[in-house]
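Thanks for asking me to look this one over. Here are my notes, point by point, to read alongside the model.

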Amino acid sequence: MLTRLDLFPITARIVGDGASARLQIGGCDLTDLAAQFGTPLYLYDRATLDTAVAAYEGALSAYPGPTGITYAGKAGMNLALAQWAASHALWLDCTGQGEIAVARAAGVDRAQILVHGVNKSPEDLAAAVDAAGVIVVDNLDELQRLIALADDGVALPQLWLRLRPGVAVETHAYRQTGQSDSKFGLSSDEFLAGIRLGQAHDLPLTGLHFHQGSHFHDPAPIGPALDAVLDLLAVVRSETGWTAQHLSPGGGWGVAYHEDDLPQPSVADYVGFISNGLQGGCAKRNLPLPALHVEPGRSLVARAGVALYRVGAVKRTPNRRWLLLDGGMSDNIRPALYGARYSALPVVQPGRSASGSAWLGGPYCESGDVLIQDLPMADVTPGELVAVPASGAYHIAMSSNYNGSLRPAVLWLDQGEAHLIQRRETVADLMRRDLPLP
Ligand SMILES: Cc1ncc(COP(=O)(O)O)c(C=O)c1O
């Protein structure tokens, strides 16, 4: 049971013995936090976040050229997380005007704001031109819009073109992005056309981006995509003279959500694979070495996050023991969206042995609102707290107000202190945009 503890932030400890044993994270007692801030409650452990950045920095240090780490803010973005990214001099990947505004408010250096988007609205594009250091161009229509702006005398940030290498990685179909029928990015022919257009209009085209998908555990399938990218760069260079100063193979490295996912292969394996592949591939094709940018989301923030729920009821159906929680698909859509498999521990006496399998269901009016299925679990009773690890990525970021639910509060845990970084939504928030009938 206690290998489950390895899914939690690196500061997770069981403090006390016997009936008083409790789960502590970041030096904070989870029972106290739930009493003070209520549940469902999300926690981010700063030490775990910092350690994740250090793993990427260490892995990139072997690359002989310039490197950059871009935090993919789509995994989870708020003012505090953007400030944290800036404190590590991370670049920040923003999708659209909303995230750009958060990055600016957090004081992220303009040069380090990188804007993605598969169909950027006019407002998104205007915000990106105004505030970003890099726009990653998804399609030729977007490029034409940027050309029109440049022709009007607008100074553009650096532009990187997003390529769709046409090779899929092994992950859930909803998390694949690089395959040939993906909605993301340019085909090889479009990429070449984009470079020619850029040259004709003197655009600041400086980089190539591709992103193969999310939550994969083996770097090897990136190899064929990287080869396809470098083959294309060799063709582009011989036909146009253009070379990529910056190359980003996106993000996508996976994390462990369940004890069956342990041990999780290291970030060093993943980054080493890309870094070596890029060096070898460039040498083979006689291409200059670009700056290498990585763009992780999940693998930077997932493990640092914990979701804390209170069990309201325990129900037995013919074949199941249900623990009914006070949160579910509105704060974590991943199990319903892609069958994501999670684990959990009771907060008090977390080392208790399992009394059988449990199904952890949420309170919402959907049969799919089941956070965890068939998990060996102790004999948890109503009123107890349950902590779900690896909750820092794509939970709050994808949350909703389904059934009029209120988004949870979010805390920042740092050396025994808990700081509120996002307050719980209120009923007034729910109606803030509503207007009465005339
Ligand atoms: C363009 C791009 N970059 C980076 C990421 C981050 O992926 P992950 O959180 O799996 O690292 C995504 C996620 O889908 C993405 O679309």
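1. In this predicted model, L161 is a handy place to start, as it stands opposite L208 in β10. Strands β9 (residues 158–162) and β10 (residues 205–209) run parallel and are joined by four bridges. On the side of helix packing, α4 (residues 96–105) lies on the sheet and touches both β6 (91–95) and β7 (113–116). The direction of α4 makes about 150° with that of β6.

2. Now for the wider setting of that pair. Eight strands form a closed barrel with parallel pairing, in the order β5-β6-β7-β8-β9-β10-β11-β12. From one strand to the next, the twist averages 25°.

3. The assignment for the protein chain gives domain 1 as 2–38 + 304–430 and domain 2 as 47–301. Their C-alpha centres lie 32 Å apart. Across the boundary, 26 residues of domain 1 are in contact with 23 residues of domain 2. On the domain 1 side, α11 (334–338), β19 (409–414) and β20 (417–422) each supply at least two of the touching residues. By type, the residues on that side of domain 1 comprise 16 nonpolar, seven polar and three charged.

4. Which residues have the most contacts inside the largest nonpolar core? They are L92, V386 and A387, in a core of 115 residues. Helix α8 (residues 222–240) gives the most to this core, contributing eight residues. Both domain 1 (2–38 + 304–430) and domain 2 (47–301) give residues to the core, so it lies between them.

5. Leaving aside residues up to four places away in sequence, L92 touches T70, Y71, G73, A82, A85, A103, V108, Q112, I113 and L114.

6. Not counting residues up to four places away in sequence, its contacts are T39, P40, L325, D326, G327, V386 and V388. V386 in that list is also one of the residues with the most contacts inside the largest nonpolar core.

Notes
Residues are numbered from 1 along each chain as its sequence is written. This is a predicted model: local features need pLDDT of at least 70, side-chain atom pairs count only at pLDDT 80 or more; totals for chains, interfaces and linings use all residues. A nonpolar core is a set of buried Ala, Val, Leu, Ile, Met, Phe, Trp, Tyr and Cys residues joined through C-beta atoms within 7 Å. A residue is buried if 20 or more other C-beta atoms lie within 10 Å of its own, exposed if 12 or fewer, and partly exposed in between; C-beta atoms are placed from the backbone. Domain bounds come from an automatic or database domain assignment. Two residues are in contact if their C-beta atoms, placed from the backbone, lie within 7 Å. Two strands pair if DSSP finds at least two bridges between them. Axes are lines fitted to C-alpha atoms, for helices over the stretch in contact, and angles run from 0 to 180 degrees between N-to-C directions. Ala, Val, Leu, Ile, Met, Phe, Trp, Tyr, Cys and Pro count as nonpolar, Asp, Glu, Lys and Arg as charged, and the others, Gly among them, as polar.
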